[in-house]
Each structure stands twice: as C-alpha cells, then as structure tokens.
Amino acid sequence: MVADVRRLERHEWERYRAVRLAMLLDEPDAYGSTFGREVAFDEATWRERLGQAVFVAEQDDGLPLGSATLLRLEGKDPEIVAMWVAGHARGAGTADALVDACRVEAVRGGADLVRLHVMIANPRAVAFYTRLGFAFDGGCGDVPGCSRMVWEAIPEVPAR
C-alpha cells in the first residue's frame, strides 16, 4: 500500500498541518497535544516544526497514510515522536517504512541509536517496535505507563 515515504519540506506546511490535525483527531489520547490547541497554530509555527525531520507515507495519488517525526534536540539522542498510521493503512507496512525512514535519517546524521516512548498498555505498539529491534532501556516517559525503547545501529563489518 505504501507508495512513497518522504521528508516534508518547510514549504509543505499546509500538508503537514492537515496530516498532524488528522492524527490528533484520529488518536486524541496518543499525543502530548490536542486538536484544539494545534488548529490555532499560525503558518510560522507549522514551518518551524518542519525544521525537524517529518516524514509522510503516501499512496500513489498523494493520500497520506501516516507520519513520523525524528526529533533531534541539542545534546540528546534522536527520538521518533508523533508516529501515526491511518486506520485503513495499518498492518500494511506503513509503520515499518516510517520507522525505517527515521532510522536512516538518524544514522546519516551520525547517530548510532534512536529512542522512542511507548505506552505499555498498547501491546500492539510494543510488539511492533520489538519486532523492529527496539528494546526497553529502563527509561520512562513523562506520563504514567510510558516507557522508553532504544534501537542501536549495527556497525558495518568491513569486507575482507
């Protein structure tokens, strides 16, 4: 189902806004924000947010299937945040493709690991991230029931 995963550019702020608002409506309890808060953001705020690596998965016709952001804050490991897949696209590889795009971006940027937070009460998400090589590292999130997982890049072994 996934035709393309690509990084959004700042000039695509309206597309990002539409996807972000859709995810907040679809899963209102999954994110640290609300539709009501973000619908009021101005163009400058949306463009600023695209300073991070925001990826969108799309069908051939451009219909968004999901989104994920690789957040890179000064002095911290890169972290996958704002992960979302539309209900009709779940189970078809969209989430895998979004996580892969984030990991590739992190490694290209010199990182050797990627972190994320997951709600323990969401066994489907825990199983998904575990399947992709993420493991709990003992860290926790800023809300009860949220734990941190980490994925470590495997260094390439030089050919002999």
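Q: How much space lies in the largest pocket?
A: In this predicted model, the largest pocket has a lining of 49 residues, among which Ala30, Tyr31, Ala82, Met83 and His117 lie nearest its centre. The space in this pocket comes to about 1,700 Å³.

Q: Which element supplies the largest share of the lining of the largest pocket?
A: Several helices and strands each supply at least two residues of this lining, including helix H1 (13-26), helix H4 (94-108), strand S4 (79-85) and strand S5 (113-119). The residues of the lining divide into 23 nonpolar, 10 polar and 16 charged. The largest share, which is seven residues, comes from S4.

Q: Which strands of the open sheet have one side left without a neighbour, and why?
A: The sheet is built from seven strands with mixed pairing, in the order S1-S2-S3-S4-S5-S7-S6. A strand at an edge has a single partner strand, so one of its sides is left without a neighbour in the sheet, and the strands standing there are S1 (4-7) and S6 (135-140).

Q: What is the bridge partner of Arg7 in S2?
A: Strand S1 and strand S2 (residues 53-58) run antiparallel and are joined by four bridges. Within S2, the residue that Arg7 has as its bridge partner is Phe55.

Q: At what angle does H4 run to S3?
A: Helix H1 lies across S1, S2, S3 and S4, and its direction makes an angle of about 75° with S4. Helix H4 lies across S1, S2, S3, S4, S5 and S7, and its angle to S3 is about 30°.

Key
Residues numbered from 1 in each chain as written. Predicted model: local features only at pLDDT ≥ 70, side-chain atom pairs only at ≥ 80, totals over all residues. Heavy atoms only, no water. 1 Å grid on protein atoms, 1.4 Å probe; cavity = no way out; pocket = protein on both sides within 12 Å on 5 of 7 lines; lining within 4 Å. Points joined across faces, edges and corners; volume = space filled by probe spheres on them. Nonpolar A, V, L, I, M, F, W, Y, C, P; charged D, E, K, R; others polar. Pairing = 2+ DSSP bridges. Contact = heavy atoms within 4.5 Å. Axes fitted to C-alpha atoms, helices over the stretch in contact; angles between N-to-C directions.
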